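Let's take a walk through a protein structure together. Have the sequence and the 3D view open, and follow along.

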There are 2 protein chains.
Amino acid sequence: MNQRIVVIGANAAGAKAASKAKRSNPEAEVVLIDRGTFISYGACGIPYYVSDAVPRIKELMSTMAGVVRDSDFFRKVKGVTVRTNTEVTSIDRAAKSLELQDRVSGERSRLSYHRLVLATGSAPVVPKLPGVTLKGIATVKTLEDAELLRSHALPGAAACILGAGLIGLETAEALCQKGMRVTLLELKEQVLPGVLDPELAVKVERQLTRAGVEVRTGCRVTGFTGQEQVEKVMVDGAELPADLVILATGVVPNVELARAAGLEIGSTGALAVDAGMYTSDPDILACGDCCQTTHRVTGKGVFLPMGSTANKQGRVAGINAVGGEARFGGVNGTSIVRVFELTAGKTGLTEAEALAHGFSVETVLSPAPDKAHFFPGAKPILLKLVAEQGTGKLLGLQAVGEGEVAKRLDAAALAIGLGATVEQLAQADLAYAPPYSAAMDNLIVAADIMKNKLVGIARGFAPQEVKRKLDQGEQFILLDVRSPAEFQEVGIEGATLVPLGALRDRLSELPRDQEIIAFCKISLRGYEAQQILNGAGFTKAGFLDGGILAWPYELRGPLGS
Amino acid sequence: MNQRIVVIGANAAGAKAASKAKRSNPEAEVVLIDRGTFISYGACGIPYYVSDAVPRIKELMSTMAGVVRDSDFFRKVKGVTVRTNTEVTSIDRAAKSLELQDRVSGERSRLSYHRLVLATGSAPVVPKLPGVTLKGIATVKTLEDAELLRSHALPGAAACILGAGLIGLETAEALCQKGMRVTLLELKEQVLPGVLDPELAVKVERQLTRAGVEVRTGCRVTGFTGQEQVEKVMVDGAELPADLVILATGVVPNVELARAAGLEIGSTGALAVDAGMYTSDPDILACGDCCQTTHRVTGKGVFLPMGSTANKQGRVAGINAVGGEARFGGVNGTSIVRVFELTAGKTGLTEAEALAHGFSVETVLSPAPDKAHFFPGAKPILLKLVAEQGTGKLLGLQAVGEGEVAKRLDAAALAIGLGATVEQLAQADLAYAPPYSAAMDNLIVAADIMKNKLVGIARGFAPQEVKRKLDQGEQFILLDVRSPAEFQEVGIEGATLVPLGALRDRLSELPRDQEIIAFCKISLRGYEAQQILNGAGFTKAGFLDGGILAWPYELRGPLGS
């Protein structure tokens, strides 16, 4: 008898593993089991179906050529047998067999395997709050969720979204585009916690507000009220009206089946697997959202489910299930989200994460246009680069802006994944022409500033630090080195104007015993001011990281708001 | 006396070197000399000024904050003394001094240096052809050229562009947008020679033709005729009318001064420099377009002037001129160009280049949408990946398409610059969300196909090879595995239809003794067909690289043209 590979879970990872196993060994019998009716659909596309950007739900279930990826497709095209609406109720590892239950007929049966692949995925966290089972409270995971959201997304109706992470933000955008009044509720003090440091998250929060989303951070939801249908959300003791509530506070791995079978669970609560996607049982592999994986920068186990990761892992599990020797190399924790006109994302560690992992960090905030500044349509993006002091190793990049953000993230993802240093990033031979970047790409500029910081030539002050000094009334000079015209338009309250071109002639006006923190629009001139001051013997000069464009607090002047 | 750093040439590299030298050592006197009137301008922006996309020429000469980078700016802001309209006529290396001539007054003078930086740039090739000095024959290099082009770019007038390289194509776009009748003349048999392999260059050529540019490849220009003003271009014995002729057949490094001073010239004809940008004289450095640099993939000297490279080299030369220890790490030969709706570019080596350098190569052609295929606005891009057999080392990536090409080039530029393998590229944790990529990014797909090819699982046939078989009437089956509906719309003449879903049931119709080359729209199904055939014991099965979308020849059917 040919070997039988059984894959449990027929979404990204499982469908990929099954197909790849069959391609790798056409002699093998491959059975793909799913508890649901629909399989192999693009769950990541749900918000865009809800917003009508993707008109038909079938498109989320189809191949590029427009063929629906159903059981028939898997049988004919992939040579894989699919059993939908089938629950695997237990794994008998000793006998290498599964107990199944048909979810329609209730019928039970057994199925033996030579190799088993677990791709059981993850489930949205449903907080144990009063009223959470009311109608109109939904998650964003299945096609059934997608239909529910679309049917509830009525113009003028009120939506409350719990959680300002990636899915929360995508859903906020979608519901807002459908004309709903959207309130975004987040327990943490910022949007996109874990993706962006606070000073970048502010940019996203402002975009949400501009687009009409009411953002409430640092707030706690305590329950939901209503008759059958949800009517109100209880937030910090107050009531918010809600016709639709979205639970987007994260996902948990589906590991009950594996746990019951005695498979090792990792430190994150997800399934422990090695680089070959083997669980603690050499005949059982796992892939996708149910697995823990290794973060390339920290070397530690993380639970960071992503469709991109699921596909890579599915390929490895499929190859290895039929005796191959593929390896999965871990993740950077890369993520990206579109928030109306803005794109935001990261790869590697944020500053907060790097500090939490005990790295000694240096950071750079670098705002600049995404194309040659003279090129029409150039739009600003803000990069935050995080590197390790001493080694100069790249730890992370965050990026936010209306311009081309994804490109910088992907290039940095390669660099960080390959363990590159800031110097190596600075040497990257990126594709340059005015429609695509400045002669010195944003990444190169950020890397050069980082190099200057790491060797102590550039002395940057984070906006938070400067704000603290201002708020506490510290004695220091906040030196605006822009032109008088720029100074009129927008500025930071409390700053002193000395245009860079006049600085060399006006050095006598500045005190030598005080800290002087220079800035301009992006702090390139701010940095040059520091160099001029240093050159003239001022020992306490520095610059404000990222200048006006990266300043996350209120600005003064007509363009300030 | 303080040390004096003299920099010759005040464009990208020289301006950067001078500014960086002064910042690195504020005690140093830095003198920046240029033979022209205008300095530090964005020459790469000239085509966009010609097309009116950049309305004012001042924008090409200004900083991001709108300040013109003139002598006054360099003095006040950078602390650098600029001498424009000044020709350096000779270098006395023994005395460490320069002979200068004022190009306005004719006055001669001498200037001593401690360290000299040569940033003399490059000049467009002006072919020695009869009539080449006629009026209306221009290059695309200086601001004077920019004004000449703009003033001659009149709707309905005829322009002939010699050279279908990056600048030729940018200029073709610009003049076309101004309503000129543009003919592009190229000596080689394809557009973008050295940037794209022929099967990708075809895509660019078609775009040019669609946009109204007449493209003539493989043609030789023998001269120009006209009274004072050019009127005709002689091409292969025939005459083409021309009100404006653009010479865009490449640039040569300006090394006369260095050569006369006895400095070493590299194998490419450009100045030989080491990684510290030192010439053969330890007191003379060089940077930018006048220099030879090292290709990271081949390790060999190349002359590939780019604004991005000039800036990086200028930084290194500036730091080292005042005693620092910076290094320039070479180039990938990355380039990119916008051609109307299309973007085309490369990083690393093309297949032709890799073969010429003696690499044993494997290639992948991978067409796919640039975003999730269900996402509105997803546009196709075609990638060609080149890797080394045996080591699996990445050698190059080419990309052409209407979609997001630059992102894939930049990510690959990092990977190739860091010496990554195909496996490492396949493991990249790229930023995934439907508006930005498919769950498996185009790069990951291409890398996975390459892995399958390198281990011999995937057996691809290049379009050129299949075309040859068809033309020569070889016995083989060209197997179209798309749906009947797709087959009706567009196809390859001579193909046999067996939809992938029916293939397993119709194997008996296919001969086992003949080569079977399967394909679909992108050859993902084509590859699956190969696997099904292999699984059924067909030993001579393979697939057509890149399928219909990468097929560079004529197609059959209503959508074929």
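This is a predicted model: local features need pLDDT of at least 70, side-chain atom pairs count only at pLDDT 80 or more; totals for chains, interfaces and linings use all residues.

Start with chain A, which contains 17 helices and 30 strands. How compact is chain A? Its radius of gyration is 27 Å, close to the 24 Å that the globule rule gives for 561 residues, so chain A is as compact as a globular protein of that length. If you trace the C-alpha atoms along the principal axes, chain A spans about 90 × 55 × 40 Å. Buried residues make up 59% of its 561 residues. Now think about contacts in chain A between residues with a separation of 6 or more: 65% of those contacts come from residues 24 or more positions apart.

Side chains of opposite charge can pair when their charged atoms come close. Searching the whole structure, over all chains, turns up 81 salt bridges. One of them joins A:Lys384 and A:Glu199, with 2.6 Å from N to O. Where do these two sit? A:Lys384 is in strand β24 (residues 380-388) and A:Glu199 is in helix α6 (residues 198-210) of chain A, so this pair ties together parts that are 185 residues apart in sequence. Both A:Lys384 and A:Glu199 are buried.

The side chain of A:Asp197 is joined to that of A:Lys384 by a polar contact of 3.0 Å. You'll find A:Asp197 in the loop between β11 (181-185) and α6 of chain A. Is A:Asp197 buried or exposed? With a relative accessible area of 2%, A:Asp197 is buried. Setting aside neighbours within four places in sequence, A:Asp197 is in contact with several residues, among them A:Gln190, A:Thr350, A:Glu351 and A:Gln398.

In chain A, a network of salt bridges links A:Arg459, A:Glu465, A:Arg468, A:Lys469, A:Glu474 and A:Glu515.

Now hop over to chain B. Here the side chains of B:Asp52 and B:Lys178 form a salt bridge at 3.4 Å, N to O. B:Asp52 lies in the loop between α2 (46-50) and α3 (71-78), while B:Lys178 lies in the loop between α5 (166-177) and β11 (181-185) of chain B, so the pair ties together parts that are 126 residues apart in sequence. B:Asp52 has a relative accessible area of 40%, so it counts as partly exposed, whereas B:Lys178, at 16%, counts as buried. Another chain B pair is B:Lys346 and B:Glu353, whose closest N and O atoms are 2.7 Å apart in a salt bridge. B:Lys346 is buried at 4% relative accessibility, and B:Glu353 is partly exposed at 21%.

Let's also check the backbone. Most residues other than glycine have a negative phi, and most peptide bonds are trans. So what is the phi of B:Asp52? It is near 75°, a positive value in a residue other than glycine. Over in chain A, A:Met277 also has a positive phi, near 65°. A:Met277 lies in the loop between α7 (256-260) and β18 (284-286) of chain A, and is buried with a relative accessible area of 1%.

Finally, look at where the chains touch. The size of an interface is often given as the accessible area lost when the parts come together. Chain A and chain B bury about 7600 Å² between them, with 60% of that on carbon and sulfur atoms. Of the area that chain A buries against chain B, A:Met64, A:Phe374 and A:Asp429 supply 10%, more than any other three residues. The contact takes 93 residues from chain A and 93 residues from chain B.

How many salt bridges cross this interface? The rule finds eight. A:Lys407 and B:Asp410 form a salt bridge, with their closest N and O atoms 3.8 Å apart. There are also 36 residue pairs in polar contact across the interface. On chain A's side, helix α10 (residues 406-417) gives the largest share, eight residues. That side of chain A divides into 44 nonpolar, 22 polar and 27 charged residues.

Note on methods. Residues are numbered from 1 along each chain as its sequence is written. Chains are lettered from A and ligands numbered from 1 in the order in which they are written. Side-chain values use heavy atoms; hydrogens and water are left out. Contact means heavy atoms within 4.5 Å. Buried area is the accessible area (1.4 Å probe) that two parts lose on being put together, summed over both. A salt bridge is a side-chain nitrogen of Lys or Arg within 4 Å of a carboxyl oxygen of Asp or Glu. A polar contact is a pair of N or O atoms within 3.5 Å; within protein, one must be able to donate a hydrogen and the other to accept it, and residues adjacent in sequence count only if both atoms are side-chain atoms. Helices (H or I, at least four residues) and strands (E, at least two) are DSSP runs, numbered from the N terminus. Ala, Val, Leu, Ile, Met, Phe, Trp, Tyr, Cys and Pro count as nonpolar, Asp, Glu, Lys and Arg as charged, and the others, Gly among them, as polar. The radius of gyration is taken over C-alpha atoms; the globule rule is 2.2 Å times the number of residues to the power 0.38. Buried means under 20% relative accessible area, exposed over 50%, partly exposed in between (1.4 Å probe, protein chains only).
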